[in-house]
Amino acid sequence: MRINHSNSFFITTGFLSRAQTIPLKPLINYLNKSTRNKLIITGFSQGSAVGELVTLRLLKSPAFSPSWIRDDQLFFIGFEIGRASCRE
């Protein structure tokens, strides 16, 4: 497992590689169509890691403009497997 680091955070290369395969343009186009459109990006365990990176890529994208997106349009919800209450 390789780890990329940038500034003050670390990203596992495998998760980043997977997140980079998800195209952002359709997501941005969907949000651009109407301020009533909502996008929820979610995942469980490893999918949560990928979903979080996709959300960060979307927020950092040059095509993303905070002036047109409202606070209630884009959400990320992640779940983990580490808690005993989530097992079996």
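Tutor: Let us begin with burial. This is a predicted model, and buried residues make up 27% of the 88 residues in the protein chain. The chain exposes about 6600 Å², and carbon and sulfur atoms supply 56% of that area.

Student: In what order do the elements of the protein chain run from the N terminus on?

Tutor: The order is β-β-α-α-β-α-β, which amounts to 3 helices and 4 strands.

Student: Which residues of the largest nonpolar core touch the most other members?

Tutor: A nonpolar core is read from buried residues of nonpolar type that are joined through side-chain atoms. Here the largest core has 14 residues, and Leu24, Leu39, Val54 and Leu58 touch the most other members. Two or more residues come from each of helix H1 (13-19), H2, E3 and H3, with H3 giving the most, 4 residues.

Student: How many salt bridges does the count come to, and which parts does the pair tie together?

Tutor: A salt bridge is judged by a distance, with the nitrogen within 4 Å of the carboxyl oxygen. The count comes to 1 salt bridge. Lys38 pairs with Asp72, and the closest N and O atoms are 3.4 Å apart. Lys38 lies in the loop between helix H2 (25-33) and strand E3 (39-44), and Asp72 in the loop between helix H3 (46-60) and strand E4 (74-79), so the pair ties together parts that are 34 residues apart in sequence.

Student: Are the two partners buried, partly exposed or exposed?

Tutor: Lys38 is partly exposed, with a relative accessible area of 42%. Asp72 is likewise partly exposed, at 27%.

Student: Which residues form the nonpolar patch on the surface?

Tutor: To read such a patch, one looks for nonpolar side chains that have over 30% relative accessible area and are joined within 5 Å. The patch consists of Ile40, Phe44, Phe75, Ile77 and Phe79, which together have about 470 Å² of accessible area. E3 and E4 each give two or more residues to the patch; the largest share, 3 residues, comes from E4.

Technical notes:
Residues numbered from 1 in each chain as written. Predicted model: local features only at pLDDT ≥ 70, side-chain atom pairs only at ≥ 80, totals over all residues. Heavy atoms only, no water. Salt bridge = Lys/Arg side-chain N within 4 Å of Asp/Glu carboxyl O. Buried < 20%, exposed > 50% of the residue type's maximum accessible area, 1.4 Å probe, protein only. Core = buried A, V, L, I, M, F, W, Y, C linked by side-chain atoms within 4.5 Å. Patch = residues over 30% accessible without salt bridge, like charges linked within 9 Å, V, L, I, M, F, W, Y side chains within 5 Å. Areas by Shrake-Rupley, 256 points an atom, 1.4 Å probe, with all protein chains shown as cover.
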